[in-house]
Amino acid sequence: MENPVLTVDAFSAFFGDHQVLKDVNLSVPKNVVAALMGPSGCGKTTLIRCVNRMHELLPDTKVAGRMFLNEKDIYTMEPIVLRRKVGMVFQKPNPFPTMSIYDNVIAGYKLNGIGLSREDFNNIVEQSLRSAALWDEVKDFLHRKGTFLSGGQQQRLCIARALAMNPEILLLDEPTSALDPKSTSQIEELFVELKKNVTMLLVTHNIGQAARVSDFTAFIYIGELIEYGPTEKMFTVPKDKRTEEYLTGKFG
Amino acid sequence: MKDHVRARLIKNHIFKGMVMLFAFISLLPLLLILYYITKNGISVINWDFLTQLPRPIGEAGGGVFNAIMGTIMLIVLSCVLSVPFGIAAGIYLAENKEGRLSSLVRLCVVVLQGTPSIVIGIIAYAWIVVPLRTFSALSGGIALCIMMLPVIIKTTEETLKLIPYHLKEASLALGVPYYKTILKVILPSGLSGILTGILLSVARITGETAPLLFTAFGNQFMNWNIFKPVDSLPYRIFYYAMSPYPEWHTFAWGASFVLVVLTLAFNLIARGVSIKWKIQF
């Protein structure tokens, strides 16, 4: 693959003595959705948390191997600098409850003390909310708190907040698992739209979701990357028996 | 069978009646105290009582202005001292749920909360009054500050613990440094709880007399200097009530009324703050 956005090179992660990821190799090209699927506890969330080094918030973690974001070594960067380049959307929508919708979108700038002109902020807010397909729904009350929005709207607000920072990659940690089916399909459509400009790494425990939105799929099982390749190929002719069993619902 | 049901119903009614009765009885002392203080104190409350200084015995009129201002001064002093320390300690405890220092701090908070206020007064006397060779508002403020600390630390810790972890993650994932995450995301989200804690601890110390006896000491004149003795409402009540003059006794009731109103006000504001500024997650 030429100039992948994210390269994972012989990467392992440990919590204490427990090895959560075993020698994972994977690379994600530009402007695609790459899905990580696998049964609960297989290490898929750990893998994306290692991309923006959020796993370091937990005590007693260590990693081996390397990861590159646009050819820069993630583990030699300052976490603060790295996380400004890597957007993240979490399982539960988590807009800042003390801030208005407007301030939530530019929270990455405001909280980091990055000052821009009023006009620039207005543009960023409008653009990010439009990209997150939320603009039309909230444009009339941008200065109200974000917490009265529905769950799906809150999640799109969080996506807008991540997009506002112009991330080099967007990490999505089961972003629809707390949402109803309608909001879920809205957000899935959004991902397909978004990949024109953004590279996304999507963790999902929903096989259907991986099939619907992703270009590449990785199947992870007990910390091991079993299979990684174009989604179409993997869903039609899986190479590994375990992948096939997982896809046909024999376990997981 | 029918009798059986009826007996149960009767037992039910008796039980309900008993619960109500005891609830009412437990309210009685409070209502009686309020009634008694109002009845005896309201007669001396007027503008002069609130704005004039005490006069020598034999002279009619005068008020407790110095005591009211002294109490406010002591509250401000103790807040200035205890709020930063209390919130910082609360943040530390909420952020470090385990660890030797945390459990030590938690133990100290519990012990401090149970320490009799007179003992805290003696400590402030030994630490501040003796070296400075004078009673002072400062020493009173420090004594009250020590009394406020455990309440503020505990409420800050409990409030911050209730703030969902995913808010902190959201901020950190945006590349916001840890200290800014705490100051700009976590603290504002817990503001109503922390303020409530501060106001409740203020309500608690407003009526404290014992720690002030040998720190702030009391002063029948107006004093704005924190290095000189100041008056306070509880002290003024104590002083008037112990005097042999009936006129001063009514003044003690009047001062009690002011003190109760003040404490009640802090409690009501605390309730208002906790309801009105509550953040919905």
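This is a predicted model: local features need pLDDT of at least 70, side-chain atom pairs count only at pLDDT 80 or more; totals for chains, interfaces and linings use all residues.
Axes are lines fitted to C-alpha atoms, for helices over the stretch in contact, and the angle between two axes runs from 0 to 180 degrees between N-to-C directions. The axes of helix α4 (residues 100-114) of chain B and helix α6 (residues 137-162) of chain B come within 9 Å of each other and cross at roughly 135 degrees. Angles over 145 degrees count as roughly antiparallel and those from 65 to 115 as roughly perpendicular; α4(B) and α6(B) are therefore oblique to each other. The crossing in which α4(B) passes α6(B) is left-handed.

On the side of α4(B), the contact involves Val109(B), Leu112(B) and Gln113(B). These residues meet Ile146(B), Leu149(B), Pro150(B), Ile153(B) and Lys154(B) of α6(B). By class, the contact of α4(B) with α6(B) comprises 6 nonpolar residues, 1 polar residue and 1 charged residue.

In chain A, strand β1 (residues 6-15) pairs with strand β2 (residues 18-28) in the antiparallel sense, over 7 bridges. Within this pairing, Phe11(A) has Val24(A) in β2(A) as its bridge partner. The two strands, β1(A) and β2(A), form a hairpin with 2 residues between them. In the turn, Gly16(A) has a positive phi of about 65 degrees.

The two chains also meet: 20 residues of chain A are in contact with 19 residues of chain B. On the side of chain A that touches chain B, the elements giving two or more residues are α2 (79-85) and α4 (107-112) of chain A. This side of chain A consists of 11 nonpolar, 6 polar and 3 charged residues.

Terms used: Residues are numbered from 1 along each chain as its sequence is written. Chains are lettered from A and ligands numbered from 1 in the order in which they are written. Two residues are in contact if their C-beta atoms, placed from the backbone, lie within 7 Å. Helices (H or I, at least four residues) and strands (E, at least two) are DSSP runs, numbered from the N terminus. Ala, Val, Leu, Ile, Met, Phe, Trp, Tyr, Cys and Pro count as nonpolar, Asp, Glu, Lys and Arg as charged, and the others, Gly among them, as polar. Two strands pair if DSSP finds at least two bridges between them. Angles under 35 degrees count as roughly parallel, over 145 as roughly antiparallel, 65 to 115 as roughly perpendicular and the rest as oblique. A crossing is left-handed if the near helix is turned anticlockwise from the far one by less than a right angle, and right-handed if clockwise.
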